[in-house]
Amino acid sequence: MGAPATTALIGKPTAHTGIRMATVAWLLAAVYYFYQYALRSAPAVMMPQLSEAFGLSALGVASIVGLFYYGYSPFSLVAGAAMDRLGPRRLLPAAAVVVGLGALLFATGSPAAASIGRFLQGAGGVFALVGAIYIATKNFPASVAATLIGATQMFGMAGGSAGQFVVGPLIGGGMAWSSFWVGMGISGLLIGGLLFLLLPKDEMPRPPDNWLKSANAAFAVVFKNPQSILCGLISGLLFIPTTIADMIWGVRFLQEGHGFDYGEAVMRSATVPLGWIIGCPLLGFISDRIGRRKPVIITGAIVLLACMAWILYGRTDAFPPYLLGLVAGTASGAAMIPYTIIKEANPPQYGGTATGVINFINFTFSALLGPVFAGLLHRISGGAAQMELAHYQAAFVPLLVGVAIALVLALMLKETGTAVRGQAAGARRRS
């Protein structure tokens, strides 16, 4: 088991109390991740209200909402480097407060304030994932690392689903959009207070005199490791079908391409994030049980590729209504396995930096390619107000190619699972 990164507020912890405190710390960070994911997805169910309040077109509102990723992606690097030097106790409470303030700024109805607020939500929100993974991998055995990282993402996807399936009916039932954001802003401040009160103190090494030089050295180690880049590319390529094809275009594709009404299209599209909730912890658990990472990623990529190909080109009545989306989402959970590998492939003192790097690569993919696919659909359809199935099929072919590339890249990864490391340690003892 790795050395604990936290100590009790009172007295020196035993191994049992240390694990119990680490479990509480991880759960708090995971709840914070749930909260920020709900904020991330909620604008999708109130676009007409936001457009009217801001006095902007849907495209203008989408631009403000998209500023979340302009904070989230670069601050992944900041969060990772800072986590290695300061620890979750000093960072997560302040980050949650920043997210809460961002939500309050968004609630003002001013486009300028909302833009700053949305950026702050992303910049502060990324600390939740980095912090939760840092706690999980620093305080628990390596044999459960993939399970805990998958469970962390499960909290996030559950928050993303709640941001639509809970918030949508509330807005539809008459709740003012600004009331929701004020409530979430206050919730962020409260979460920050709870994190400050309940997170155990961190037992961190003495910070170096030159932080910038130290951080640059950590980034150099992680970025120069080819395994780090492979992990980022694989995770990003497996993640894009969810963030772009499903979360942005899924409902419209099912309505325009297959003729489903809005309610049925929403339900079918929602099965993909539901599959993530199942797949992330399940695939992590399987990986930990067999002590290997690569077979799980490769199998997940093959299943995802087959599901996506059928969704694009197959008959919609060949399988039960919600099965394909659910299986595709479950298989997509393999995108979280590289988050475990990158930490195992780099020095343990750079664990936070490694998580920041893979998150940066992953979400830079989504931030940059989202507008690219929108432009591709616009060009292929000739700017038609209502697109056809053939337009989506032509535009989304690169997503299939991306998953196939991820499959090939996974073959190039070095296995870092406990089974292989155990064999290597045994060979060294015998030699």
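Biologist: Which helices each supply at least two residues of the lining of the second largest cavity?

Modeller: This is a predicted model, where local features need pLDDT of at least 70, side-chain atom pairs count only at pLDDT 80 or more, and totals for chains, interfaces and linings use all residues. Residues are numbered from 1 along each chain as its sequence is written, and side-chain values use heavy atoms, with hydrogens and water left out. A cavity here is a set of points, on a 1 Å grid over the protein atoms alone, where a 1.4 Å probe fits but cannot get out, and lining residues have an atom within 4 Å of a point. For the second largest cavity, the helices you want are α1 (15–41) and α16 (351–381).

Biologist: Which helix gives the most to the lining of the second largest cavity?

Modeller: Helices are DSSP runs (H or I, at least four residues), numbered from the N terminus. The lining includes Y33, Y37, N359, N362 and F363. The top giver, with 3 residues, is α16.

Biologist: How do the residues of that lining divide into nonpolar, polar and charged?

Modeller: Ala, Val, Leu, Ile, Met, Phe, Trp, Tyr, Cys and Pro count as nonpolar, Asp, Glu, Lys and Arg as charged, and the others, Gly among them, as polar. About 40 Å³ of space lies in this cavity. Its lining comes out as 8 nonpolar, 3 polar and no charged.

Biologist: How much space lies in the largest cavity?

Modeller: The structure holds 2 cavities of 30 Å³ or more. A volume is the space filled by probe spheres set on the grid points, which are joined across faces, edges and corners. For the largest cavity, that gives about 510 Å³.

Biologist: Which of the residues lining the largest cavity are the closest to its centre?

Modeller: The lining has 32 residues, and by class they are 20 nonpolar, 9 polar and 3 charged. α13 gives the most, with 5 residues. Closest to the centre are F253, L254, V272, I311 and G325.

Biologist: Is α14 mostly covered or mostly open, and how many of its residues are buried?

Modeller: Buried means under 20% relative accessible area, exposed over 50%, partly exposed in between, using a 1.4 Å probe and protein chains only. In α14, the buried ones include L324, G325 and A328, and what covers the buried residues includes α10 (226–246), α12 (262–290) and α13 (294–313). Helix α14 (residues 323–332) is mostly covered, and of its 10 residues the number buried is 7.

Biologist: What is F165 in contact with, leaving aside its neighbours within four places in sequence?

Modeller: F165 sits in helix α6 (residues 145–165). With a relative accessible area of 35%, F165 is partly exposed. Contact means heavy atoms within 4.5 Å, and the partners of F165 are V266 and A270.

Biologist: What is the volume of the largest pocket?

Modeller: A pocket is an open set of grid points with protein on both sides within 12 Å along at least five of seven lines. By class, the lining has 29 nonpolar, 15 polar and 4 charged residues. The volume is about 2100 Å³.

Biologist: And what is the mean pLDDT of the protein?

Modeller: pLDDT is the predictor's confidence in each residue, from 0 to 100. In this protein, 92% of the residues reach 70 or more. The mean pLDDT is 87.
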